[in-house]
Amino acid sequence: MALRISFHRRFVTATVFFLFCVFVLPAIAGAIWLKVFTSAVIFALAARGASLVYAQLGLVNLAQIALVGVGGWVMLRLNYATTLPFELSLLASAAITAIVGMLLSLPAMRMRGLYLALVTLMAAGAFQILFTAFQFPNGGSGFLGVAMQSPGEMRRPFLARSDAAYLSYCVAVTALCMVLVFLHERGKAGRGWALIRQSEANAMAAGVDVTLFKVWAFTLSGFLAGTAGALLAGALRLLDSKSFPAGESILLFALAIVGGAGHWAGAVIAGILYRVVPAVLNDFGLDADLALILFGAALLHAIITAPQGIAGQILSASAFRRSAT
Amino acid sequence: MIRISDITVRFGGVVALDSITAEISDDVIGIIGPNGAGKTTLINVLSGFVRPEAGSVDVDGLNLLTLTPFRRARWGLSRSFQKLQTAAELSVENLVRVGLDHCSSPNAEKDAAIGRALEFVGLSRLRNTKGGDLNSQQQRMTEIARCLVNSPRIVLLDEPGGGLGETEAEALRTIITDIRSSFGAQVLLIDHDVDLIRATCSKTIVLDFGKLIAFGPTETVLRDKMVQAAYLGQGPGQ
Ligand SMILES: Nc1ncnc2c1ncn2[C@@H]1O[C@H](COP(=O)(O)OP(=O)(O)OP(=O)(O)O)[C@@H](O)[C@H]1O
Ligand SMILES: [Mg+2]
C-alpha cells in the first residue's frame with residue numbers, strides 16, 4: 001500500500017526527535033519548564049504501557065497511575081534503605097512493579113471489556129487508599145520509612161544531578177523502554193498478540209499460549225509504569241500520596257487513545273497533553289481545568305474521526321504527502 | 001493411528017456428535033456430510049476447542065483429550081479453520097513463523113522450515129506481503145503453511161477448498177496429496193467438494209445429524225444409498 005512509510009524514514013524521524021529531546025530541549029527550557037517536560041516524558045512512558053495493552057490485546061487497564069505510584073514507592077524505599085546506584089534501584093522498582101502488573105492481569109484471563117476495566121479501576125482505588133494510609137517513604141524509620149520531616153534526600157543518578165541533565169536522563173530511559181516495546185512488537189510477543197487479537201482460537205491452534213502472552217503484555221506494561229514511577233521519584237524527590245488518584249488513570253488512558261495507542265508517538269502526545277498543555281494554560285493565566293474540556297473534545301474527535309489517534313493522523317498525513325509528490 | 005471412541009457432544013438440545021467411533025490410520029481421510037452434520041465439531045473435539053460429554057481420543061497411546069488446545073498444537077496437531085481469520089498486520093512469513101515460536105530450534109533452521117512450507121503451498125514470492133493484502137486463496141495457503149511448518153503429526157483441514165477457483169482447487173489437490181510424503185503428517189480433510197475428497201482421500205467418514213452413517217473406502221462410501229440420501233438427493237457423485 002502507498003500509505004506506508006518506510007522503516008528507514010521512521011527510524012530517522014524517531015532518532016532526530018530523540019536527539020532533540022536529549023540535547024536541545026533541556027538546554028532551551030527554563031527552570032519551570034524543565035520540570036514540566038520531565039514529568040511529561042515520565043507520563044509518556046506510563047501511557048505507553050497502558051496503550052500497549054490496549055493496542056495489542058484490546059484490554060483496558062485503568063490502574064496505570066497506581067502502578068506509577070507503586071514504582072515510585074519502591075524507588076523511594078530502596079533509596080533510603082540501600083546504597084544501590086540509581087540505575088539498579090530503577091531496575092528493581094521496574095521489576096517489582098512489573099510483578100504487581102502481572103498480578104493485576106490475572107483477572108484479565110477471565111474478563112474483558114468493561115468488566116476488566118472496572119476491576120483494574122477498583123485495584124487502582126485500593127492502591128489510592130494504601131498510598132493515603134501509608135504515605136511515601138521519605139527517609140523515616142521502619143519499613144514504611146515515613147517521618148514528619150524528611151531527614152534524607154532522594155538521590156539522583158551520578159550523571160544527572162541537575163534538572164536539565166535529569167530531563168535528558170529521563171528521555172534516554174524512556175527511549176530505551178520504547179525500544180524495548182518495539183522489540184516486543186516486532187518479535188515473538190508481537191506475533192502472538194496479533195494472532196490473539198484477531199482470534200484467540202486461531203492463536204491457540206498455532207500453539208500460542210494465550211494466557212502467557214496476555215500476562216506478558218501486562219507485565220511489560222507494569223515494567224514501564226514502574227520505571228516511570230521511579231523516574232518520577234527522582235524528579236520530585238518527594239512523592240505525595242494524593243498524586244495517584246484512581247481517576248487519573250482514566251484520564252491518562254483516554255489521552256493515550258487520543259494520542260494514538262499503537263505508536264510511541266501517541267504516548268508522547270499523551271504525555272504532552274497530560275502535563276504540558278495544563279502548564280501552558282496556566283502560563284496564559286487560564287484555569288488548568290480548561291485542559292479537561294480540551295481533552296474531552298479531543299477524545300470525541302479521536303473516537304469519531306481518528307481511531308489511530310493524533311499520531312495516526314500525522315503518520316498518514318505525512319505518508320500521503322510523500323505518495324502525492 | 002487415531003482412535004476415536006464413543007465421542008458424544010451436545011449443545012443444549014442439539015446432539016452435534018452422537019457416539020462417534022472411528023479408527024484412522026490412512027494418510028488422508030475425508031470427512032463429509034451436509035451442513036450442520038457435526039464435521040467441524042469433530043475437528044473441534046480433536047483440537048481441543050470443544051470438550052466432549054463422553055468418549056475418548058487416543059493417538060498412538062496418548063490420551064489427546066487431556067491436553068489444552070495450544071499444547072495439542074505444540075504436540076503436533078495442526079488445524080485450519082473454516083472461517084478465515086488472518087491477522088492483517090503480520091507478514092506471510094510472520095503468520096507462518098508463529099507456528100514455530102514455541103520451538104527452541106536455531107533461527108536458521110526456522111527460516112529454512114518457513115521457506116520450505118511457503119514453497120510447498122506456492123507462496124514463496126509473497127513472503128513479505130501483509131496478511132491484510134492477501135486474497136482468500138492466499139490466506140488459506142498461508143494457514144496451511146502454518147499448519148505444516150512445525151513438522152506436525154496430524155493436520156486437520158476444515159474446508160480449505162471453500163471459495164477456490166478451478167486451477168486453485170487443482171493446486172490444493174496436489175498439496176493435500178503430498179502432505180504425507182513431504183511432511184509426514186496424517187491429514188483429516190473436511191470439504192463439500194466431492195471431487196477433492198475423491199481425488200485425495202483413501203477413506204471417508206460421512207456424518208449426518210451427528211451420526212456416523214458411513215466410514216470406508218471413499219468410492220464405496222460415495223456410492224452408498226444412505227450417503228446419497230443424506231445429501232438430499234443432490235447425489236454427491238453427480
Ligand atoms: N458452539 C456451538 N454452540 C451451539 N451449537 C453449536 C456450536 N457449534 C456447533 N453447533 C451446532 O452443532 C451442529 C453441528 O455443527 P458443525 O459446525 O459441527 O457442523 P458442520 O458439519 O461443520 O457444518 P458446515 O458444513 O455448515 O460447516 C449444528 O447444529 C450447529 O448449529
Ligand atoms: Mg463446519
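Helix 10 (residues 246-259) and helix 12 (residues 290-305) of chain A pack at an angle of about 45 degrees, and their axes are 9 Å apart. Here helices (H or I, at least four residues) and strands (E, at least two) are DSSP runs, numbered from the N terminus. Axes are lines fitted to C-alpha atoms, for helices over the stretch in contact, and angles run from 0 to 180 degrees between N-to-C directions. This is a predicted model, in which local features need pLDDT of at least 70, side-chain atom pairs count only at pLDDT 80 or more, and totals for chains, interfaces and linings use all residues. Residues are numbered from 1 along each chain as its sequence is written, chains are lettered from A in the order in which they are written, and side-chain values use heavy atoms, leaving out hydrogens and water.

Helix 10 and helix 12 of chain A are therefore oblique to each other; angles under 35 degrees count as roughly parallel, over 145 as roughly antiparallel, 65 to 115 as roughly perpendicular and the rest as oblique. Which residues make the contact (heavy atoms within 4.5 Å)? Helix 10 of chain A brings A:Leu251, A:Ala254, A:Leu255, A:Ile257 and A:Val258, while helix 12 of chain A brings A:Leu292, A:Phe295, A:Ala298, A:Leu299 and A:Ala302.

Now let us turn to chain B. Its domain assignment, automatic or from a database, gives domain 1 (1-76 + 153-238) and domain 2 (84-151). The C-alpha centres of these two domains of chain B lie 24 Å apart, and 17 residues of domain 1 are in contact with 13 residues of domain 2.

Chain B also has an open sheet of four strands, in the order 2-1-4-5 with antiparallel pairing; two strands pair if DSSP finds at least two bridges between them. Strand 2 (14-24) and strand 5 (62-63) of chain B stand at the edges with a single partner strand each, so one side of each has no neighbour in the sheet. Helix 1 (residues 39-47) of chain B packs on this sheet, touching strand 1, strand 2 and strand 4, and its direction makes about 115 degrees with that of strand 1.

Follow strand 1 (residues 2-11) of chain B to see its pairings: five antiparallel bridges join it to strand 4 (residues 54-59), where B:Ala54 is the bridge partner of B:Thr8. With strand 2 of chain B, strand 1 pairs in the antiparallel sense over seven bridges, and B:Val9 has B:Leu17 as its bridge partner in strand 2. The hairpin of strand 1 and strand 2 of chain B has two residues between the strands, and B:Gly12 takes a positive phi near 60 degrees there.

Note on methods
Contact means heavy atoms within 4.5 Å.
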